[in-house]
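Here are my notes on the model, as numbered points. Please keep the structure open while reading.

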Amino acid sequence: MSLPDNNASLLAEYGRYMLPVLSFRDIVLVRGQGSYVWDADGNQYLDLNSGQFCAVLGHSDPGVARKMQEIAQTLQDTDTSTLTRSVLLAAKQIHDRAPEMNGRILFLSTGAEAVECCLKYAKHIKEKPGVIAFDKAYHGLTHGSAAYSMSRDRIRPPVEHSYVTPAPRAHADDEVETDRCIEAFRQILGECKDDIAAAIFEPIISGGGFFFPSRRYFQAIRQICDDNGIFLVFDECQTGFGRTGSWFYYQQLGCVPDFVVSAKAMGMGYPVSCVIANGHTVPHAKFAMEYFSSHQNESYAGALVSHLIDEIEARGLLDRNRASGAYLLAKLGAIAAESSLIGNPRGQGLMCAFDLSDTGRLDSKQAGDLFCRLAQQNGLLLQHCNLGRTIRLLPNYAATEADFDFFAARLQATLARFQATLDQPL
Ligand SMILES: Cc1ncc(COP(=O)(O)O)c(C=O)c1O
């Protein structure tokens, strides 16, 4: 069947077959190379979302393509209780790069699945139903993961025993804010610790507004969890596998959790996630048969994870992500210093963000939607979070300084258009 060759006709004729779970962009992508993608009209865009932060070696990476072909030509799995060589190797490689965890690893498909699976085990082992999470958390949108995310109030039926603790809103170390949030956590646990199995946190709060709780915050939380006999779970779906310049972000915080959940980068664009249980603190004998999925511990997951780990090491990507993140942040800082429309440039490795200033003309969602639409018209695919106010940038690990120079030029053009639109009468 031949399809129309332009955005408008594709969407008009075929868009109707899609379930409208989101409001989709008005373009249809047809190919990608490195940091760039092209739509059906031939327009080129710099992709700063890199496959919803998953395609970390960029689009059409030849090594990833070869690896996928090799997997398809070597082995399909037989059943979930039979392990393959590639899964065993990947588990050992992860174990060795997170030595503080002495981890036992389970490979799954998506971040939300790994969160649900991990919390199911935490509740099962502790024999308690409750979970505490940040008020500004995002852990996925399946029923179980949404129960501990910002959307918790919208799910039906509501999940009971879901507790909320305030996320530190400061961008850098703010001692007063840190103390306030540590005390709030201590107080909630004091009131209901007999109900709580685990606390789950993103070590960098991404979708909730791009906040960086301090080392001191997490070290205090670790101590309080220990004092109260509850598991500490780090959701490293975004921060894991090198994005911030270390294998896992807990390593920069000096705070070892009981579980790490990761996803996104580890599959380089294909659905791979994992649960890493701390071999020192989690009694793994209690894991039997509480979880089962057709796609768990698949050989292709193992092969992709090994490939990514090998590439990160061969190309020195941990150091590179730190350096190129600093370059991107400097560009952002220079533009923010000149513009009243944006502020608070911040980041850690290749997780960067800035805020749209409140001009009083548009609410956060309207401002975020408008800004991203204008960015797209200027050749940038960006995403907002924090109800529209924050623009986050999570480029692929191979993005170059030239890509970030391109970004800076197009951001300035976008800001000019944004200002012009705000200047028009309502
Ligand atoms: C921190 C975090 N946890 C969990 C998830 C859910 O992952 P997935 O979309 O693969 O289910 C995401 C996805 O954005 C995430 O950012």
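1. Arg346 stands opposite Ala353 in β12. This is a predicted model, and every point below should be read that way.

2. Strand β11 covers residues 342–348 and pairs with β12 in the antiparallel sense. Five bridges connect β11 and β12.

3. Look at the turn next. β11 and β12 make a hairpin, with two residues between them. Gly349 sits in that turn and has a positive phi of about 55°.

4. β12 has another partner. Strand β15, residues 390–393, runs antiparallel to β12, and four bridges join them.

5. Is β12 mostly covered or mostly open? Strand β12, residues 351–356, is mostly covered. Six of its six residues are buried, which means under 20% relative accessible area for each.

6. Now the voids. How many cavities of 30 Å³ or more does the structure hold? It holds one. The volume of the largest cavity is about 40 Å³.

7. Leu356, Ser357, Asp358 and Thr359 line the largest cavity, and so do Leu362, Ala367, Arg389, Phe418 and Leu422. Leu356 also falls within the β12 range, residues 351–356.

8. By class, the lining of the largest cavity has five nonpolar residues, two polar and two charged. Asp358 and Arg389 are among the lining residues, and both count as charged because Asp and Arg belong to that class.

How values were computed: Residues are numbered from 1 along each chain as its sequence is written. This is a predicted model: local features need pLDDT of at least 70, side-chain atom pairs count only at pLDDT 80 or more; totals for chains, interfaces and linings use all residues. Side-chain values use heavy atoms; hydrogens and water are left out. On a 1 Å grid over the protein atoms alone, a cavity is a set of points where a 1.4 Å probe fits but cannot get out, and a pocket is an open set with protein on both sides within 12 Å along at least five of seven lines; lining residues have an atom within 4 Å of a point. Grid points are joined across faces, edges and corners, and a volume is the space filled by probe spheres set on the points. Buried means under 20% relative accessible area, exposed over 50%, partly exposed in between (1.4 Å probe, protein chains only). Two strands pair if DSSP finds at least two bridges between them.
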